[in-house]
Amino acid sequence: MDLTAEEQEMLSGEKGPAVQKAMEIVVALAKIYGAKRLVPVKSVNVSGVSYKNLGDAGIGFLNEWAGLGAKVSVPTTLNPAGMDLVDWKKQGVPKDFAEKQEKVIDAFARMGIPKTCTCTPYLIGNLPKKGDHIAWGESSAVCYANSVIGARTNREGGPSALAAAICGRTGEFGYHLDKNRMANVVVEVGCPMEKDSDFGALGQIIGKQLKNDVPYFKGIKAASNYQLKALGASLAAWGGVALFHVDGITPEAKEKNMVAEGAQTIAVESLKEAYDAMNTGSDIIDFVSIGCPHASVSEIRAVADRVRGKKLKATLWVTTARATKEKAPDAVRAIEDAGGLVLADTCVVVSPIRSMGYKHLATNSGKMAYYSPNYCGVTVRFGTMEQCLQAAVSGRWPA
Amino acid sequence: MKMVGRAIKSGHATGEALVAREFTGWLGNVDTATDETMGWLGCVDPKTGVIIEKQHPLYGKNVAGKVLVFTTGKGSTVGSYTLYALKKNGVAPAALVCEESEPIVAVGAIISDIPMVDHIDIGKIHTGFIVEVSGDTVVVK
């Protein structure tokens, strides 16, 4: 592998032990994946932020690296934490968990990373341009950045993303290379995509058939960025998909042919099997999750419009980025007046909700429907935002 | 016998080989998580270095101080931190030797300063052999 003179210096320790360790990680991964060289990255999103994922060993490691003088060298954001960093008491998070989570965030802050935790960094200013090389963790954000923005990233793990942030580089392999961005599967969508939840449902059907394949969707007439966000999150959770194209809609597909020769074809005529697979839960609902991936301002307003003036029977969490929450104070008030919570920095999957006693969850997210039974020990109902909020009001899944 | 592979984490260590031909998943898998705070239960106890998963071919064996020889690794990102926890608790393997590295174990080896070499024909190493790892070289004594 070719390293520049500066990269050699970083690797040999001339720029200090923290940079050296970062470079060792980046170079080892580049070797494993057969990269010929490294490329500079424009931004990083670090996953593995919740104490639930890191444990005490993770905190020890982050503190050791920070103690060696590790500092990020490019704009860097954090994935959701296990709690709202301000309102964790309101969220019901145990104090000992909160103390550990604060230690994690403090270690990242010592490395120069702002205390902002979100799975939608692209909604709060970490917005790369088409063609930019980036190193992001968080599978849904990776899928969005690659597909909807046209930036280039692999699915980074926590330590590898952080290493890329410290040395400002990543190996040139995988989705950084043109040849790996071509679709190897064409999906002919023959059914109408009418409801918002249809995009998460389509992601479920295709995701579970694919691993790290690149699907190319045909037959989707229109899709908003938020619908594409839901599609990508579901594809990435149910499969290992990191990049998809939508004919006539996503940037690379609009520009040139993105289907590789010999691509196989999958036809989807109905979304029923996806709705069935994600509706194994009970009719009683005690927990409703909206905001997976993190809700945008318009999604928060849509929730507010449906619950304004009502009293909720089930617990409602709308999870979002702090900067997004601050842009919609009236909507936040309406949701909280109804008894719901708008939580920043966090995510249902990485918060300790199992120990809070919830049993039956409703969600409009294909990703949440995938993770919550195993990670949170709850049963699942999946449907539109409207259905989820009816369930929040009545405590029952609408017939 | 001397074999030259690829240094994933350069270093020097000698120890008794502990070999598993089917040594995948030894750092555990997040999909089987049942514990709320860790979200992850590994195959190996980070406090003792003992492999605690009953289905594992090395169940009951201790990895501490051994040169661990395996085909490839598997597991969630948290697995990197498990290796780090073993190191901090003084019960990490002395070195790692495998056929093909994957990111989880490779990153774990680097952050824990455990020498690691891959692209090695592990069929030539048996449990109990004394193995010396140095840079990209593995010497079986």
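Let's start in a loop: A:E138 sits between β4 and α6 (139-149) of chain A. (Helices here are DSSP runs of H or I with at least four residues, strands are runs of E with at least two, and both are numbered from the N terminus.) A:E138 is not a glycine, yet its phi is positive, about 80°. Most residues other than glycine have a negative phi, and most peptide bonds are trans. A:E138 counts as buried because it has 30 C-beta neighbours inside 10 Å. The cut-offs, with C-beta atoms placed from the backbone, are 20 or more other C-beta atoms within 10 Å for buried, 12 or fewer for exposed, and anything in between for partly exposed.

Before going further, a word on what you are looking at: this is a predicted model, in which local features need pLDDT of at least 70 and side-chain atom pairs count only at pLDDT 80 or more, while totals for chains, interfaces and linings use all residues. Residues are numbered from 1 along each chain as its sequence is written, and chains are lettered from A and ligands numbered from 1 in the order in which they are written.

A:D345 is another residue other than glycine with a positive phi, this one near 70°. Look for A:D345 in the loop between β12 (341-344) and β13 (360-363) of chain A. A:D345 is buried too, because 29 other C-beta atoms lie within 10 Å. A:P293 belongs to strand β10 (residues 287-295) of chain A.

Now back to β4. In chain A, three strands make an open sheet, ordered β3-β2-β4, with parallel pairing. Strands count as paired if DSSP finds at least two bridges between them. At the edges are β3 (76-78) and β4 (135-136) of chain A, each pairing on one side only. Strand β2 (residues 44-46) of chain A pairs with β3(A) over three bridges, and A:V44 stands opposite A:T76 of β3(A). Lying across β2, β3 and β4 of chain A is α7(A), which runs at about 145° to β2(A). That angle is between N-to-C directions on a scale from 0 to 180 degrees, with axes fitted to C-alpha atoms, for helices over the stretch in contact.

Stepping back, chain A splits into domain 1 (5-176), domain 2 (182-275) and domain 3 (278-394), with bounds from an automatic or database domain assignment. The C-alpha centres of domains 1 and 2 of chain A are 27 Å apart. Their contact takes 13 residues from domain 1 and 16 residues from domain 2, where contact means that C-beta atoms, placed from the backbone, lie within 7 Å.

What about the partner chain? Chain A puts 26 residues in contact with 23 residues of chain B. On the chain A side, α2 (17-32), α3 (51-67), α7 (158-167) and α15 (366-376) each supply at least two residues, and α3(A) gives the most, with eight residues. By class, that side has 11 nonpolar, 10 polar and five charged residues. (Ala, Val, Leu, Ile, Met, Phe, Trp, Tyr, Cys and Pro count as nonpolar, Asp, Glu, Lys and Arg as charged, and the others, Gly among them, as polar.)

Finally, over in chain B, helix α2 (residues 103-111) is mostly covered, with nine of its nine residues buried. Just after α2(B), B:D113 takes a positive phi of about 55°.

Technical notes:
Two residues are in contact if their C-beta atoms, placed from the backbone, lie within 7 Å.
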